[in-house]
Structure formats: structure tokens, C-alpha cells
Amino acid sequence: MANNVLIYAEQMGGKFRPTAFEAICQGKKMAQELGGKVIAVAIGSGIENPEALGQYGADKVIVVSNEKLKDFTVDAYGKAFADVAGKNDPAVVLMAATYQGKDLGGYVSAALDAPIAADCTEWLAQGGKIQVKRPTYAGKAYATIAFTGETAVISIRPKVFASDEPDASKSAEVENQDVALSDDDFRSIVKEILAKAGGKIDVSEGDIIVAGGRGMKGPENFKILEEMAELLGAAVGASRTAVDEGWREHADQVGQTGKVVSPKLYIACGISGAIQHLAGMRTSKCIVAINKDPDAAIFNIADYGIVGDLFQVVPAMTEELKKVMGS
Amino acid sequence: MNIVVCVKRVPDTETKIKIGGDGKAIDPAGVEFVINPFDEYAIEEAIQIKEKSGEGEINILSLGSIDAQVIMRKAYAMGAEKGVHLNDDSANPDNLAVAKSLAAQLKEMSFDMVLFGKQAVDDDSASVAVQVAQLLNIPIVTRVIKMDIADGKATAERESDAGKEILEVTLPAAFAAEKGLNEPRYPKLMDIMKAKKKPLEQKEAQMDAPKMEIVEMKYPPERPPGKIVGEGVEAVPELVNLLKNEAKMI
Amino acid sequence: MLPIAGKIFLLILIALTVYFFVQRAKYLIDLLKLGTPEDRFDNPKERWKYVLGQVLPQRCATKNVTKKDLAGVGHLLLFYGFSVYVISYGFHITEAFYDKLSPALFGVAFNNFFYLLLDTAGLVVIASLLWAFIRRYIVKPDRLEPSMDAGIILVVVFCLMIMSFSVEGFRLLAEETPFTDWAYMGNAFSQVFANMGLQESSHTLFYVFWYLHMIVVLGFGIYILYSKHLHVLAAHPNLYFHSTKPKGSLEPIENMEEAERFGASDITHYSWKHLLDLYACTECGWCNENCPANVSGKPLKPKDVIHNMKEHLLATGKDLLAKKAEETQGDEEEPTLVRAVVTEDEIWDCTNCMACMEVCPVAIEHVSKIDEMRRYLVLMESNFPAEVQTVFKGMETNSNPWGIGMSTRADWAKDLGVKTLAEDSEVDILFYVGCSGAFDDRYKKVSVAMVKILQAAGVKFGILGTEEGCCGDSARRIGNEYLYWMMAQQNIEVFNGYNVKKILATCPHGYNTLKNEYPQFGGDFEVVHHTEFILDLIKNGRLKLKGGLAKTITYHDSCFLGRYNTIYDQPREILGAISNTNLVEMERNRRFSFCCGAGGGRMWMEEDRGDKINEVRTEEALSKNPDMIATACPFCMTMFEDGLKAKNAEDKVKVLDIAEFVANQLIDN
């Protein structure tokens, strides 16, 4: 019976990503429950130090290295990954639910004829099998899922599972494997990657939005929001008042008559929280409000609030974030 | 250019979710159902591609209960010509079974492109589109925010961890639409009326037995009521600490 | 009596006049027939009463008279003066053929009196012409634009009066026995002519002037059909055919399932009455002066819309008639009215505040014209300001314009001990909360205040909770009749399901549409606004109020409450009952009240043309230095609160709903 855990070890530019370590750490724990081995699969070209995955718990690392696999495409990577998986009889195929992981999960599930549970936030061993918990309905419910087949494909939500400290004494066995790739596997090719220019992020695309309202008092003061946004990789948004006053462009406007956004984190600075604004951002996962008026409606919807002068609080917060994020 | 758009009927994202008596699924009573919002981008894109090329037809494919036809009519009102409804009341939790059923139907249809939403907002799995593409052995680009069609090829743009990625894909191919791809149109009343008369084929879905089951469905831990962390600058370290360790946002 | 040749000449003149007049009139009437049918022939008694009540006492012209603008009085003088003249021309013409039919026929006294009246009328007309001249060309108020038509008419009528006096003068000079002694202007002119030595030629000059003035009079008869003075003829039927429906209610689209087109994109999509409106326009500019869009510097000017539509109808009329004759009258690919004549900006600028219709002297229906074009844009082209799509979708899926989950609709009432009709349907009145009252944090406080009042007065009431739906007003006013129709249907079904008889609404938009528009879909309920209801409670002694709130308050009339439903006094009386304060009126109040800017679906649109209407209105309120601004509408409240913030006055001046004033004054039992 299959009892190995096969893990996709995501890399970028030859370097493994932290989410790969998170997946391997969980994979190791699952393998302990299942009594199997931890096999990491690294796909790409010019992959550095695959043996180091052993420090996180991989028993073996299978490397599929090929010039043609420089950039991720689901067809080619999926083919390679499924090929390796098919030969290793896994009970669990595991990956982080990143951009790549989500694509790959679906592909492998179909290729192996195995069910998939994506974006899981918890798992448990039940009767010698792995069960997972995952959010559904945008997190309004959590489903516990049991698998009935031989193999299950599981992707785990990034940053939810902490990875253990690497054990420098350990190293994994590395096996290079060739996968036959035909032209058919390259019907989609990456033509170009426009590197993040660190430029302005659109409010409708930002995972984090730092927004300012009337309390900003003038266009020049948005600099402090921009500084925080740059640090967080966030977009800078604005309330209707700030746009009406001409402090920001209409494209930055969040609200009923502007953009309706739903970022992970929304930091509202000097925004009172009139319904026109709330209508555009109230589905944000986490809302932080900074406002001098303790009765401001924004605090009714905020997860965290600070009552105070934003001109002091915001720069202090940026400094604090620098400390925390630098560490 | 023949395009098939796969659409799903899902609870509106604003709807209050109530878990049913069996503790394994939601209770649909009182739930407002809509067309999956990401699917609307797919429909809109299909219409725009068709309008640009001036030929071909748009077929809607939906799997689910009989009520799926309501949202199919919405897709018709936006501009699709016809469609197939794969009737299935089983609420099969295994999206691979769903993908297989869709793929089997798609094999009977002629298409240059199959469009999906990047994920359905009910199970949020984002798997079916890729599964279908794999089963049909056609390439797929997910999370597409921009696309162009020319000479049997598509150029698609999407966000990746490294930046904006531009892919070239040989057709036939599948695409999964991300928010930002376009602004879905609001149908004209005349088209809403016409949509009622467009052809809709209903078939029984062929479904494999699920290989996974939901053993339990629960509400998430109650979101703690918002809290005022404190006043002024002194509260900043605590706020940042909460954001990092409680909310896990940074 | 004229010589034979003269009679023939006059006959030819009259025949020509009749010919040209009838030709033009027939053309104008044919153009009206291009419009769609509409029944405005019901209730002739009431209609006659209305038109006579407007025209005879000149209410139409004088209803807008203020100290600052007395033009209506001028019109009244001109109207009466000139009417006397029109009658006199009848005498003149008949007299020319048969001199027995002169005013003298009725005796010397009548004759004398007739000429006394005629000369006085002439003087009155000249005085009013001078007045008009000074206003139009020297004072130049905003609402009047220099117009060729106006200039011509002033000069022509002035000449006519001078000629009439001259005719009298020469006749008095020529005839041995004066036909009257009381024609004091005629006598004065005759004196002047005598002094000029025209005694000899007076007989000839009499005829010359007589013919001249007949030519001018008859020419004038034709000219009015070609100019803005068409209103002299069209205003009366237009007043007669005025809408007898509830003020400002929009007409439903009949047979929506089968209709081939929706709304109006071409001029022929309007009913004949809407086209008659165009003829009736006097170009007085009252509508422009009171239009919030125009005042705030936006492209929309109601008068220009009407005028441009009229010009368009007249310019394309021949083609349209030809097409109709060939039965090729199909719908053009590109609309010939929308965009070509009335721009999209103009169409979207309208707040549906109905100020234009309120001040219009001749019962023109501007708002429904604009809303018909909106219907075309929304239903046929799906073309509307982008931000409106969120509103439509929110209403479709969650029955409120913000799209907030409908399951939370009753959350505001959680801890108030309010029962839903599902829990207890034996109530005296249903409190229809509306979307703002249910979802907007600010206006939820008004709902809570209303509940306190109802509970304090011991009213047996209930709410619908999550069964309540959006009233649909915004959708209808934006032009999405289909969506509105769905909202109305659902609500009516729910109301009827609970056998609801009486409904209380706080939002004037819901109040108006429930009361005046739901009957179109079979929803007949007694609907009261909270200002009416609260005042009744106070008058019946069911509320104990502290009174003596010593603040300066200014009350802002909501358009949908005031102009749409004539509720002006109730809120003011309530404020009077709770305070011994200074209730200061803004410059523009009651029927002249200036819109907050949020009606007609403008609540949901960006305002990127011109000044912000709410700020204009807020400034007006602030100029009265109030401590508080009283409103009775959630939209007005939002607009004022935003306005105060923009003017950095939110700490100084508070906006409160009438219900909040009352709730704050309740004496706890």
C-alpha cells in the first residue's frame, strides 16, 4: 500500500521558496503518521542545493532538471511532476497552494486520477489516513475531508503552517531523473516576465491596501501612506473625499462609486467609514483603522483600531513594521 | 472561433452560510445563488473575442442541479448562443469527478477555446479548469488578466510571483479568468428577453463516484470583535504584533 | 366700412393669413401625431377647471413671483392688455365689412367704455413692453438669454400699439362726429397729428395706418406659429392636458415582455403630449434658474433640452412625416435624439428633483422626458455610468444598492424588541425601513429613533425584517425599469402576503414610490411618511415631549417629500413643537427648495461635472448660521454630512433627522 509523501518543492530562479520548506515539514509529519518516506520533487533548471531539503525532512530529492523547464508552465511541469509521482506510489502528493501549486495540484490530480483538496489549513491522521480541513465559501465554513482512493493530492495554504528550524546535520539523497518531454508539453510557453518594477500597485490588485481619507488633510501627506505601502508591497487607496478634493486620482478610489476591493489587509487612515466607503472594502479579510475620532464608524467594522493622530501613528507603524519584517 | 464557457451556480458571496442538519453541507434555504463571479469574466471575454473575430459561437456548459439553467440564461443574456446543462443533484464534493464529466461533454463539442473562472467561490478550489485541460490534453493558462487571439494562438497575461507573465499558447486551449480581465457587461433588457428563447440542451451528467467526502462542515472560529488596540503611538507595537502573530497578515 | 376694393384687399389678406396659418397649424398638429398615443382626455371638467384657474388669474405666470423676480406681474399686464386688443381686432375686422357691427352698436356708453378700456390696455401693454425691454436688455437676469424672437416681438407689439393709437387718432381727426370722446390716447394722437398739419390727409392716413396695422396683426398671427410665441396658442391645451397622475410619478413600461423597444431614443418615441410640451415652452428660463444641475455648472439646462428637442422636431418634421407616409418609419441604427440632440451628460445630470416642473408655467414634463432617455440608454444600450452597475447588481442579488448581504437587513433592530410580521402580523402599521435605514450606520440611528417614538406612543407596529426588499426607486429613476419592476413585484407580494394596509416609511424615495407608483402594479396601500405620522402622534397627545430645545435649526425640504408629495408643513410643525427656537429658512425653501444632489439615482453616481450640488446647498444652509440642519431623508442627510465635511463645518453644525429631534425630546415614562 502506498504510504510515501511526495512533495513539490517550488523554486524560483533555482532557489527553493519558503513555501517549499513549509510543505516538506508538514510532509514529514504526514509521512511519520503513514509510515512512509518523504520524497521532494524539484523541477526546473539550475536548481541549487537540492540535498539541503533534507534539513527540513526530505528523505530523498528527485530533481528533474531541463533547460526547457526554466520557466514554470503547468503543462510541462505537470507532466514532469506527474511522471515522477506515478513512479513513486505516493499516498499523499503535497504542495503549497501558491500560484504554481494551485495549477500543479489540479494537473496532477487529473493525471493520477486522484482527488484533490486545495488550500488546506489543517490536517490530521485518522485511521492511518490523512484528513484535511479547508475553508470553503470564502472562509464562512470549514470542511473536513476524508479521501477514499489510494492517493490524495493536498495543497496547503502558504504561511499557515510554520516550517521547523532546518537541521543542518541532515542531508537528503539526490536523484536526477529525466522526463521525456515532447513538443506537446510546450504548447504554452512563457514569452516574457515583466519583473515587478516596485512601481504603483493598482488598488484592485493589491493584497494589502493602505488607504487615506479626509483625515489626510492634503495631497502631500499621502507620502507617509506611500512609504508604508512600499514596505508592505501594498497599493495606496483613497476615499471619495480624498479623490473629490483632488488629492488622489479616481483610479485609487475605493468605495461604492470607486473600486470594490477585497484585500487580505486593509489599513484605513483618516477614513470615517461612511457606507459609501464601507461598501467598497468591507469584505477585506482584516481591517485596521487609524482615526482620531473614537466614534468613527470605521471602528465598527475594523478588526484592529488605533485612536490617534494618523500623522504620528502611521510613521511609527512604518518604523515598527520595518523592525518586525526585517527580522 | 468557437468558445465553450463553463459556468457554475454558487451562493452569492454576501450570503449568510448556514450549515445543514447533517453537518456536512450548507443548507441552501434562504441562500441567494448567483453565477460564479469569475465565470462572468470568462463569459465577457468570450463575447469580446467573438465580437472581435466576428464569427463562431459561444456555448455555455454548466453542471449542477436544474437551477443551473437560471445562471445559464444569464450567460445567454450577456451574449452566449446556446448551451448544455449537465444535470446532477448529487453535489459531488470531488471536483475531479466534476472535471471528468465536463471533459466528457467537451469532447463531444467543437471548440477552439474553453474558458473558466479562475475558481468557483463556493469551494474555492481552483482545480477544475486545470483538471479539465489535462483530461482534454490541451494547454491551459490560469488567472488570465489579459488575452489576445491571433493566428491560432493566444497571448495571455497573468500575475505570477516573479511579476507579470506573458504566455503564448497554441489553440485549442483552456483559460481561467481572473478579476481584471474585463468588466462584465450588464445585459440589455432585450437580450434578457431573448435569452429565454435560446436553445438549452439538458443531459444527465455522467459522474464517477467521489473519491473524497466531506465528513464534517463547521463554522470558522468566531471572528473576534474588532478591538481598539490603544491610543496614539504607544499602541503601534501591539498593533503590529497582532497583525503578525494573531492575524498573520505580515 | 371699407370701399369694395379695400374689402377685397382685406379679404385677400385674411385669406392669405388663414391659408398660411392653417398650413402651419396643420403641420404642427401632424407633427404631434408622430408621437405615441396617450390618453389625456379623461376628466374634462377637472381639466377645464385647471386650465381656466391657471390662465384667467394668470397663476401660471405669477406663481413664481418673488420680490426679486416680478416678471410674472409684467406677463399678467401684457396678457390682459393684449387680450383686450385681440378682442378689438375682431371688432375692427367685422366693422370693416359691416359697420353696424361696431362697438357703437351696443350703445354710446359701451362704445365710450370700450375705447377707454382699449386705450388703457394699450398703455398697459406699452408699459409692460418697456418693463420687459429693460429686464431683458438692461437688467439681464440669468434665466433670460438674449433672443431674436423676444426682440422682434417687443418691437412688433410696440409698433402695433403705436399704430392702433395712430389709427384712432387719424380716425378722430377725419370724422366729423367723433365716434367716441373717451379714447384719450386716440385724442392725444389726433391732437398731435392736427398740430403736425395732417388734418387734410387724415382720411387717407387713417386707411394707410389701418391697413398697415391689419397687416401687422395678421402677420403676427402667422409669426407666432413660427416662434417661441407659439406658447400663446400651445400653452392652453398643454395646461388642459396636464398630467393628473401623482406629481412626478413615472409611467410604467407596458407589456415589457413583448415590447420591441424601451424608453425614447428618437423624438417620435414620445407621446403627443410630450411633443405638445415643446410647443408650449415660453423659454422663460424658470426651469434653468431652479435646476440644481444648471446652477452647479453642469451641462444640463432643462430649458435647452426642451428647446433643442423642439428645434429638432421642427427641423426633421418633414422627413419624419414622409417616412410615416411611406410607412418606413423604423428605428434608426443610431438614435436621432439621444446624443444627437440631448447629450448623455445632460441625461445623467438630472437629479429628478422636479424643480423645473414645479416652476414651469405651462405644465411641461421635463423629468419624465429625461427618464425616458435613461430607459433607452440602460435597457437598450446597457450604457450608464460604470459605478451604477454595482448598484444594479446589489439590488438584484441582495435587494439593496450597496449589495450588502440581505440576511443582515434586520440586524439594526436586534436589541430593540421589534417584531417582524412573520412573528406577529396583527399590527396597525408596517414600518418599511428601507435600505438606508437598514444598512447605513448613520441612518440606522434614525430607524432606531423611529422605533423609540413608535414604542413611546404605543403604536402597534412591525417590520418585515429580512423579507423587506429595496423599494427600487433608484433603479427606476436611473432608467432600469425592469429591475424596478422586479423589486416592486416582490415587495407588493410580501405586503399582500401579510395583508398589509398601512405603511410607514422614513425614506421619501421609498415613501413616494410605495405611495404613488406601486399602485401601477396593483399595490394599493395607505402610505405615510414619518413626518406626517409623528405630527399626528404629537397632535393626538400620544408623545410627551420636553420641548424648549434652544437651537437655531434650518430645515431642508427633500424633493421627493416636498415637491413630489407637498409635505412642507409637517416637519416644520414638528420642529416648532419641540423647540422654542429659531427655525430659520434657507433662501430656497419649500417648493423652491434646492436639491441635495442625490435624487434620480445621482446618489450612486460620481459628480464630476460642475460644482458639487451638495456643497452648494450646504453653503446655503451655513449662510444662515444654524446649529443644526434638519432633514427627513437619508440621501439628504448623507449629502449634507459630506457637504459639512467638505466645508470643515462638521464639528460646528450637526445634521439630524426629524425623527431624531423627536426621539431626543421624548420624556421617558
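What follows is my notebook, one topic per entry.

**Ground rules.** I noted that this is a predicted model, where local features need pLDDT of at least 70, side-chain atom pairs count only at pLDDT 80 or more, and totals for chains, interfaces and linings use all residues. Residues are numbered from 1 along each chain as its sequence is written, while chains are lettered from A and ligands numbered from 1 in the order in which they are written.

**Domains.** I looked up the domain bounds, which come from an automatic or database domain assignment. Chain A splits into domain 1 (4–186) and domain 2 (208–326), and their C-alpha centres lie 38 Å apart. Chain B splits into domain 1 (3–204) and domain 2 (220–250). For chain B I found 38 Å between the two domain centres, taken over C-alpha atoms.

**A sheet with strands from A and B.** My helices (H or I, at least four residues) and strands (E, at least two) are DSSP runs, numbered from the N terminus. Two strands pair if DSSP finds at least two bridges between them. I found an open sheet of 4 strands in the order β8(A)-β9(A)-β10(A)-β12(B), with antiparallel pairing. Its edge strands, each pairing on one side only, are β8 (122–126) of chain A and β12 (212–218) of chain B. I read an average twist of 30° from one strand to the next. Between the chains, β10 (residues 141–147) of chain A and β12(B) run antiparallel and share 6 bridges. There I spotted A:F147 opposite B:M212.

**Where A meets B.** How many residues of chain B are in contact with chain A? I got 66, touching 71 residues of chain A; contact here asks for C-beta atoms, placed from the backbone, within 7 Å. On the chain B side, β9(B) gives the largest share, 8 residues. By class I wrote down 35 nonpolar, 14 polar and 17 charged residues for that side. (Ala, Val, Leu, Ile, Met, Phe, Trp, Tyr, Cys and Pro count as nonpolar, Asp, Glu, Lys and Arg as charged, and the others, Gly among them, as polar.) I then saw that β9(B) is joined by 7 bridges to β13 (residues 188–195) of chain A, and that these strands run antiparallel. One bridge there pairs A:I193 with B:E165.

**Around β7 of chain B.** With β10(B), β7(B) pairs in the parallel sense over 3 bridges, and B:V144 has B:A177 as its partner. With β8 (residues 153–160) of chain B, β7(B) pairs in the antiparallel sense over 6 bridges, and B:I149 partners B:A154. That hairpin has 2 residues between the strands, and B:D151 takes a positive phi near 50°.

**One loop residue.** I found B:E183 in the loop between β10 (173–177) and α5 (189–195) of chain B. Is B:E183 buried or exposed? It is exposed, with 11 other C-beta atoms within 10 Å; the cut-offs are 20 or more for buried, 12 or fewer for exposed, and partly exposed in between, with C-beta atoms placed from the backbone. B:E183 and B:Y41 are 142 residues apart in sequence, yet 7.0 Å apart C-alpha to C-alpha.

Note on methods: Axes fitted to C-alpha atoms, helices over the stretch in contact; angles between N-to-C directions. Contact = placed C-beta atoms within 7 Å.
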